Amino acid sequence: MLVYVIRRIFVLIPMLVVISFLVYLGLELTPGDAVSSLINPEVASRITPEQLQALRESYGLNDPFLVRYVIWLGNIFQGNFGHSLAGGVPIATIFLDRLPATLELSFVALLFSTIIGCILGTISALRRGSPTDNFLTVFGMLGVSVPEFLFGLSVMLIFALNLGWLPAGGRLMPGYETIWDRAPHIVLPAMVLSLMMTAGVMRYSRSSMLDALTRDFIITARSKGLPEWRINLLHGFRVALTPVVVLIGFRLPLLIGGSVIIEQVFQWPGIGNEFITAVRGSDYPLVMMIALFSVFAVLMASLIIDVLTALIDPRVRLN
Amino acid sequence: MSRRSLDRKFDRILELEEAQKLSPSRRNRALAKLLNNRLAVLGIILFSIILFSAIFAPLLTDANPLKIDLRNASKAPSAEHWFGTDKTGRDVFARVLYGGRVSILVGLGSGLISAVIGIIIGAYTGFKGGWIDVLALRVSELFMSFPQIILVLLLVSIIGQSLLNLMIIFILTGWGGMYRMARAQMLSLREEEYVQALQSFGLSTASICYKHILPNALGPVMVNITLSTAAFILAEAGLSYLGLGVPLNIPTWGNILNTAQDLRVLQNYWWMWLPVGTVISVFVLSVNFIGDGLRDATDPSQQG
């Protein structure tokens, strides 16, 4: 098992190196070159060209390209991600500021959508061909067909603007700190995001459950005279679970990437919102670092998921 | 069923056959199956209605989707303006029709082109194997390790906003899925006996790949095209809503929805966003219905 994990990590490293190199290349080619963004722009605007030159020299900015890349990479490992062009805020600070909001929202959505999706998908598979199944299938189709921002806007219009039950956006009102002040803000965005994500899980778990129910061991279990619920839950569901875990793994990147548009709709102060602001303002250092960070998150998620599937399904390890 | 009634049934079939009324069905079996699927047929109908009304937009409306008429700004739907007018007095119905042209072009166009690129690379490298296969696989992994929306926005920020750029970005981010599928199909099909027979006849790799193996993988390919088309249309709408997709002076479904960012528009002028939102949803839904029908019709392992 340990060997398997280590082997997986070694596959990831070249990937990360290549992508970080590409990101660095992008930073070099876009205006406001990467390494000068290491200097706080506020400071940079006040100093003379000679001082700047000296500063560049001291930072090693006049070194050859590859050397600069290595310095930049070293900086990242020390937590120095450079500065945003807008206001010269250190990117690490932005991350610390915005990431919790995104993770909070996405985690809630991922949790609910996975649970609801698995349950609905299983019901759908067990009652295959029934009106319930047909209804859920069409519901699932709708979930992947309506633009998520449109759904978000409609929900916002109904529950926040017209009925006034819940706040239309934001995360925290200044001065309010208890959980009961915070909870209402997350309800609408989390609900929209969960419902959008549920459709995919539902369709997936339905087909994997259907697949599991046709296997031989189900027939064996039934011929042993086991009660139907035991067959379905203990035998069928367990086997159907493996592909669902894989699916959750594929969805972990959604923790970062899935909420970008919904964050914008509900003015949720997360990393996705920040990303869009950065893209709009051509704030390249910030755009690149968020992209790099999201790749890192995706690769880590894929590592976790590989390990999890190997734990559930021993056949994977042996290949 | 009793023996006798069965006999009678066969007799009837025999009669029909002798009268040559039962010529072997010419229709493609998959097509027949597709047309038996009620949702898929509904999908095809809705898809055609929206597609053709976008293509023949000038026949359906006299209004110019770009003509600004401030005196008639923000008017509710009427006999003259079916979907009302937007904040600068442009006819929303005309904008939805003409916008459909661009949105469908972006969605379907990027879907088809990325499929062609993915297939060409996937089929060839999958069949050939060796270093070229490894290279293509690594490159596709590179693209796929970004969350889709992050990669799209990243590319938008680097190469800038235009209709063509958006399509290029969609193709760049979309070819990977089809590539993987084509490659997987190749890996399993290249061991088939008929392929070995073709090789022993000395046919060229390209000819075996594209002419003899590819048609066997047509079902999954078409399913994949519908999926990516749906995804691209949604992506265009999302990006344009954010103001980062197609430049705002070109009407697209997403650009029409851009006004809904203003909460006053959302609350007071429903005709500026609800009809076009419905059209997008119905169109994507119809594409998904078709895709699902195709999957059921072409893939025997997915019956259900």
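**Surface patches and a buried helix in the predicted model**

B:D7, B:D11, B:E15, B:E17 and B:E18 form a patch of negative charge on the surface; patches comprise residues with over 30% relative accessible area and no salt bridge, like charges being joined within 9 Å and nonpolar side chains (Val, Leu, Ile, Met, Phe, Trp, Tyr) within 5 Å. A salt bridge is a side-chain nitrogen of Lys or Arg within 4 Å of a carboxyl oxygen of Asp or Glu. The structure is a predicted model, in which local features need pLDDT of at least 70, side-chain atom pairs count only at pLDDT 80 or more, and totals for chains, interfaces and linings use all residues. Residues are numbered from 1 along each chain as its sequence is written, and side-chain values use heavy atoms, without hydrogens and water.

B:D7 belongs to helix α1 (residues 3-18) of chain B. Its relative accessibility of 39% makes B:D7 partly exposed (buried means under 20% relative accessible area, exposed over 50%, partly exposed in between, with a 1.4 Å probe and protein chains only).

In chain A, a nonpolar surface patch consists of A:F107, A:L111, A:F112, A:I115, A:I116, A:I119 and A:I123, with about 640 Å² of accessible area together. A:L111 is part of helix α5 (residues 91-126) of chain A and, at 42% relative accessibility, counts as partly exposed.

Helix α13(A) is largely enclosed by the rest of the structure, because eight of its ten residues are buried. The buried residues include A:I271, A:F275, A:I276 and A:V279. Just after α13(A), A:S282 adopts a positive phi of about 50°.

Technical notes
Chains lettered and ligands numbered in written order. Areas by Shrake-Rupley, 256 points an atom, 1.4 Å probe, with all protein chains shown as cover. Lys, Arg positive; Asp, Glu negative; His and termini not counted. Charge placed at Lys NZ, Arg CZ, Asp CG, Glu CD. Helix = DSSP H or I, 4+ residues; strand = E, 2+ residues; numbered from the N terminus.
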